[in-house]
Every structure is written in structure tokens, then in C-alpha cells.
Amino acid sequence: MAYSTLHQLADKLDSGDTTAAALAQAFLDRANAHNGDLNAFVELDAESILAQAEASDAHRQAHGARPLEGLPIAIKDIFCTSHGRTQCCSNILRDFHAPYDAHVITRLREAGAILFGKTNMDEFAMGSSNETSAFGPCRNPWDRERIPGGSSGGSAAAVAAALAPAALGTDTGGSIRQPAALNGIVGLKPTYGRVSRRGIIAFASSLDQAGPMTRDVCDAALLASIMSGHDAADATSVANAPAVNWLTSCLRRDLTGIRIGRPKEYFVAGMDAEVRARVEEALSTCAELGAEIIDISLPHTEYAVAAYYVIAPSEASANLSRYDGVRFGHRCDNPDDLLDMYTRSRDEGFGIEVKRRILTGIFALSSGYYDAYYKKAQQVRTLIRQDFAEAFAKVDLIATPTSPVTAVKLGENRDDPITMYLSDIYTIAVNLAGLPGLSQPCGLANGLPVGLQWIAPAWREDQLLGAAAAYEAATAWHQQRPAAFDDANQGGVA
Amino acid sequence: MNIDVNKVASLARIRLTDAESAELGPQLSNILSYIDKLQQVDTAGVDATAHPHDAAMPLRPDVVTNANRREALLSNAPNIDSGLFVVPKVIE
């Protein structure tokens with residue numbers, strides 16, 4: 001059953017119905033058969049995967065099972081892994097071998113997980129379509145002429161097509177939630193500071209957060225429980241973060257007494273009518289489950305994208321200054337002098353979207369413009385945080401669409417950066433405010449998946465998971481599969 | 001707004017080809033026009049947010065935590081010699 005959850009696979013491993021080695025081989029067979037169609041994986045080292053699986057089976061025999069024992073997890077190409085290449089889907093990091101594991105990767109290894117390949121992504125996570133990858137676009141399993149979303153598009157497509165049961169993503173402005181929505185899976189962005197950023201290649205350090213991309217809510221909770229926790233080596237990882245009972249949060253089956261905010265600014269002209277209908281239906285289901293739906297306002301919503309496209313590029317321009325051709329990464333041939341080496345290496349190594357963002361950031365930070373752009377954006381960021389704080393005085397959770405549209409065709413937004421930037425309109429404010437957010441499937445619009453986004457106060461992932469689990473139990477949308485990959489009768493995974 | 005894209009690119013230490021300058025110049029102007037929307041917001045007296053949480057930066061004891069990893073850290077360098085990174089001559 002390729003479309004098993006992590007929990008179902010763990011049960012099969014625990015009961016002896018299968019082994020980690022058999023499971024790894026079965027997913028490798030699927031990935032090898034379908035990756036040519038999707039380009040979801042940019043690295044898939046069968047030898048390493050099978051060796052990890054055999055070691056996991058031996059560990060289970062000798063010491064019993066750890067929380068993720070033998071479960072294959074696909075890894076976005078942004079996480080440093082000491083084995084194999086970490087390239088951030090950029091030519092400037094082509095053939096880079098990280099000297100250490102990201103903190104999250106260490107936690108996965110210690111929990112017994114099998115690191116199952118590196119997934120495709122927008123270059124340096126800059127994009128909402130996976131089309132900026134230096135290794136070519138990933139495709140959406142629901143319709144291969146369409147984007148999988150981004151930046152964690154490869155992770156989302158791999159899970160949706162059951163080439164892996166779960167994956168890791170990162171989310172700076174929606175990069176977990178938007179591709180999860182467009183592929184019909186669950187994606188969780190934890191509260192900023194919940195998960196260590198050490199060893200995750202930096203894009204915008206005050207916004208970046210890693211999280212799980214899974215087949216159901218309970219699997220997201222399981223992975224998040226392992227990924228979370230303080231890391232002394234990341235100064236922005238919060239030491240005394242309020243604890244969450246990850247798995248018990250997912251036991252909620254009714255929403256009695258839960259107040260759900262419906263922000264009027266998120267249900268406006270410009271969104272696909274079918275998407276809107278699915279989200280309204282989801283809210284009706286929540287009301288039937290006992291929730292009170294309350295109209296709220298987040299008045300600075302319309303400025304979130306503009307603030308984000310100052311703050312994220314500014315931070316990116318600083319973070320990406322390290323790619324200078326000296327210590328690692330691409331260096332141009334035969335540089336005339338040091339400046340020629342820097343400027344030519346960076347021109348050759350970075351793709352056009354990364355250059356666009358670096359230039360935007362450099363401009364916003366440059367002398368004479370800093371106050372008008374960067375400082376102003378940071379002040380608007382404060383107002384956006386205050387909007388949420390005021391809303392959460394009245395409601396427990398906020399529910400919105402994850403994306404205003406379903407997956408667009410490849411190339412549709414390629415020449416129009418602003419249209420692509422606006423596609424993240426519902427997800428960006430969550431990152432600016434550092435809040436947790438979750439996207440889950442809530443139906444199809446014209447045959448393509450639609451995502452329902454939940455937003456909670458900081459550190460209240462339990463509220464997100466509880467509401468999402470109750471909704472999931474009352475509906476069957478998370479069991480929808482892209483027809484082209486649902487080959488249950490071909491044998492497939494154990 | 002009219003942006004001198006080559007000046008911005010030189011601050012970013014990126015040498016743009018002529019084709020890239022022609023593409024990125026107008027796009028950068030469009031992006032900045034969109035961002036100018038921020039000027040509509042009254043932010044008088046509003047503090048700037050640099051980080052989502054107000055937690056103070058933690059301090060750690062000033063002790064060595066890493067083993068010597070010189071070989072591993074040099075292994076990705078484009079050009080090394082005697083344990084050093086080699087770059088084009090800087091001083092004549």
C-alpha cells in the first residue's frame with residue numbers, strides 16, 4: 001500500500017509484516033518508476049537508503065523501535081546532510097557536500113528515520129512554483145502540465161504521488177503550506193523558534209522555519225514532535241518554548257467551544273470561485289462539528305506581501321553574500337582579479353529569480369533607501385503582528401484558504417514576478433508574525449486540490465492539530481489521490 | 001522609479017550580462033513600485049519588528065565545542081594550497 005501513512009507503516013513494521021529494508025526497496029521502486037515524470041527527487045542514492053534501512057532493522061532487533069524506526073522521509077534539498085550532496089537546487093552549490101548534518105536531520109536519524117533522497121525545490125527556496133530550480137521544474141502529480149507549487153514542490157509532489165510517505169519542507173512565506181495545498185497533502189509550519197534552523201541553508205533568517213509534509217494530520221504531529229526542540233547552536237531556537245502534546249492533540253473529534261475567526265480580508269475578489277466555495281464548505285463542516293465561526297478583520301493584510309518583499313530579499317541579500325567563490329560553491333574560470341571572481345562567479349552561479357531578490361534586497365538596504373523601505377517594512381510587520389494579537393483575543397484559531405488559486409500551468413507566471421509573489425498572499429503574514437500555520441486538503445476545484453489553512457497563536461500547534469484532526473476525521477479529502485499514481489492493483493509497496 | 005540596475009548589481013557583487021540588465025531593470029522598478037504601497041501605512045511611533053519573538057539573545061559559555069575539522073571544511077573549496085584558500089592576487 002504505497003498510500004499508507006507513517007502510522008500505518010510503523011504498525012506494519014512493528015507487527016513484522018514488513019521490514020525497513022523491504023519498505024525502502026518498495027518506495028525506491030516507485031520513485032525510480034515515476035521520478036522521470038515528476039522530477040520530484042534531485043538525488044536518490046539507493047545504496048545509502050538501503051544501508052540505512054538495514055541498520056534500522058538491526059537496531060530494531062537489538063534495541064527495539066525508536067519513534068520513526070525504519071520510516072522513509074524525503075528531505076528537501078535545503079537541509080544539510082553529511083552524506084551525499086546538498087545543493088539547494090542552485091548551480092552555485094552544485095556538487096556541494098555539507099560537512100555536517102542539520103540539527104533536524106540529526107534528530108531524524110536519532111529517531112530511526114531513513115533519509116530518503118533530496119527533493120526538488122525553487123532555487124534557494126525563492127519561488128512559489130518550483131520553476132526556479134537549477135535542476136528543472138518539478139511537476140504536479142494531479143496534472144503534469146501544472147506546477148506543484150513551491151518552494152517545497154518536490155517534497156509535496158513526492159508525498160502526493162506516494163514516492164515517499166512523508167517529507168521535510170521549509171516555509172519562509174508559505175513554502176510548506178502552498179505546495180501542500182496544491183498537491184492535496186498536509187503541511188505544517190511550526191511557530192518560529194520551535195525548530196532549529198542550524199544546517200538549513202538560510203534564505204530569510206527571521207522568517208525561515210522547517211516543518212513536515214505528510215499524508216494526514218497525525219503524521220504531521222509525529223514528525224513535528226521529533227523535529228522540535230531547543231538547539232543551543234541556533235540562537236533563534238527558543239529554549240523554553242511551551243510544550244505541545246503532539247499526538248494527543250490529534251485525538252480531537254469535535255469542535256465544540258472552539259471559536260474560529262474568518263478574516264474578511266482573505267475572502268475577496270481575485271480568488272478562484274471554486275476555491276472559495278470549498279473553503280466556505282469546510283467552514284460549514286466545522287460549524288456542524290460545534291465550532292463558532294466569527295467574522296474578524298486583519299486590517300493590514302493588503303500590505304503583507306509588500307512588507308515581505310522588502311524583508312525577505314533584504315535578509316536574503318545578506319545571507320547569500322557568503323557565495324563568493326572562495327570557500328565553497330561555484331568559482332568562475334580564470335578570474336582576472338578578486339572582484340572579477342566575485343562578480344562573475346555570482347552571475348554564473350545564481351539563477352534569475354535569486355538575482356532579482358538579491359538586487360531588491362540590496363536596493364532596500366542601500367544608503368538613502370533604508371528608512372523608506374527596510375525600516376518601514378519592519379514597522380508594518382509590527383502592525384501585522386498586532387492585527388493577529390487583536391484577533392486572537394476574540395478567537396482560538398483563524399481559518400482561511402491556503403492559496404487563492406489551484407495549481408497553475410507551468411510557465412504561466414514565469415515572466416511576471418509580481419503575480420507569482422501575490423500567489424502567497426494568504427500565507428506570508430503568518431511568517432511575518434512568526435505564527436504556526438497548517439494546510440490540509442478540503443476538496444477539489446476543477447479536479448485539483450484545494451487547501452484549508454489554519455492559523456493559531458504562537459506555540460499553539462495543539463490548537464491547529466486538534467481542529468485539523470477533527471475536520472479530517474469528518475471528511476475524506478485527505479484520502480483523495482492523483483489517479484495517474486494510484487496504481488493499487490499493480491502490487492506496489494508492501 | 002528609475003533604478004540604475006547596474007549600480008545595484010555592483011553593490012551586490014553580481015556582474016549582469018546586458019540581457020540580464022535589460023530584463024531585471026524594468027522588473028526591479030515594477031517590484032519597487034509595488035512595494036511603495038507601504039508608504040500608505042501610517043507608522044508614526046510604531047516600533048520595528050526584526051524578529052517574531054521578543055526573547056533576549058541567549059548567551060553560551062565561551063568554550064571550544066568543535067573538534068578541528070579543517071580537512072572537511074576545506075574539502076568544498078574551489079582552490080586550496082597548504083591548508084589555505086587560494087584567491088587571485090589582492091596586493092601587487
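1. Ground rules. Residues are numbered from 1 along each chain as its sequence is written, while chains are lettered from A and ligands numbered from 1 in the order in which they are written. In this predicted model local features need pLDDT of at least 70, side-chain atom pairs count only at pLDDT 80 or more, and totals for chains, interfaces and linings use all residues; side-chain values use heavy atoms, with hydrogens and water left out.

2. Size of the interface. Chain A puts 66 residues into the contact and chain B puts in 53. Contact here means heavy atoms within 4.5 Å. The two chains bury about 5300 Å² between them, and 66% of that is on carbon and sulfur atoms. Buried area is the accessible area (1.4 Å probe) that two parts lose on being put together, summed over both.

3. Four salt bridges are found between chain B and chain A. The term means a side-chain nitrogen of Lys or Arg within 4 Å of a carboxyl oxygen of Asp or Glu. B:K37 and A:E302 make such a pair, at 3.2 Å from N to O. There are also 24 residue pairs in polar contact between chain B and chain A, both residues at pLDDT 80 or more. A polar contact is a pair of N or O atoms within 3.5 Å; within protein, one must be able to donate a hydrogen and the other to accept it, and residues adjacent in sequence count only if both atoms are side-chain atoms.

4. The chain B face. Helix 1 (5-11), helix 2 (18-35) and helix 3 (70-74) of chain B each give two or more residues to the side that touches chain A. Helices (H or I, at least four residues) and strands (E, at least two) are DSSP runs, numbered from the N terminus. Helix 2 of chain B has the largest share, 10 residues. By class, this side of chain B has 32 nonpolar, 11 polar and 10 charged residues. Ala, Val, Leu, Ile, Met, Phe, Trp, Tyr, Cys and Pro count as nonpolar, Asp, Glu, Lys and Arg as charged, and the others, Gly among them, as polar.

5. Helix 4 of chain A. This helix spans residues 103-110, and its buried residues are A:H103, A:V104, A:I105 and A:L108. Buried means under 20% relative accessible area, exposed over 50%, and partly exposed in between (1.4 Å probe, protein chains only). The cover over these residues includes strand 2 (72-76), strand 3 (114-119), strand 4 (166-171) and helix 7 (217-227) of chain A. A:G112 follows the helix, with a positive phi near 90°.

6. The nonpolar cores. A nonpolar core is a set of buried Ala, Val, Leu, Ile, Met, Phe, Trp, Tyr and Cys residues joined through side-chain atoms within 4.5 Å. The largest has 173 residues; A:F79, A:L108, A:F124, A:L168, A:F388 and A:W454 touch the most other members. Helix 10 (residues 304-319) of chain A gives the most to this core, 10 residues. Leaving out residues up to four places away in sequence, A:F79 touches residues including A:V104, A:I105 and A:L168. A second, separate core has five residues, among them A:I147, A:A181, A:A407 and A:V408.

7. A:S4 lies in the segment before helix 1 (6-15) of chain A. A:S4 counts as buried because its relative accessibility is 3%. Beyond four places in sequence, A:S4 is in contact with A:L9, A:K12, A:P165 and A:R215. A:S317 sits in helix 10 of chain A and is buried at 6% relative accessibility. The A:S317 side chain reaches the backbone oxygen of A:S314 at 2.8 Å.

8. Salt bridges. A:R259 pairs with A:D396 at 3.1 Å between the closest N and O atoms. This pair links distant parts of the chain, 137 residues apart. A:R259 is partly exposed at 28% relative accessibility, whereas A:D396 is buried at 17%. A:K355 and A:D347 meet at 2.7 Å, N to O; A:K355 is buried at 2% relative accessibility, and A:D347 is buried at 13%.
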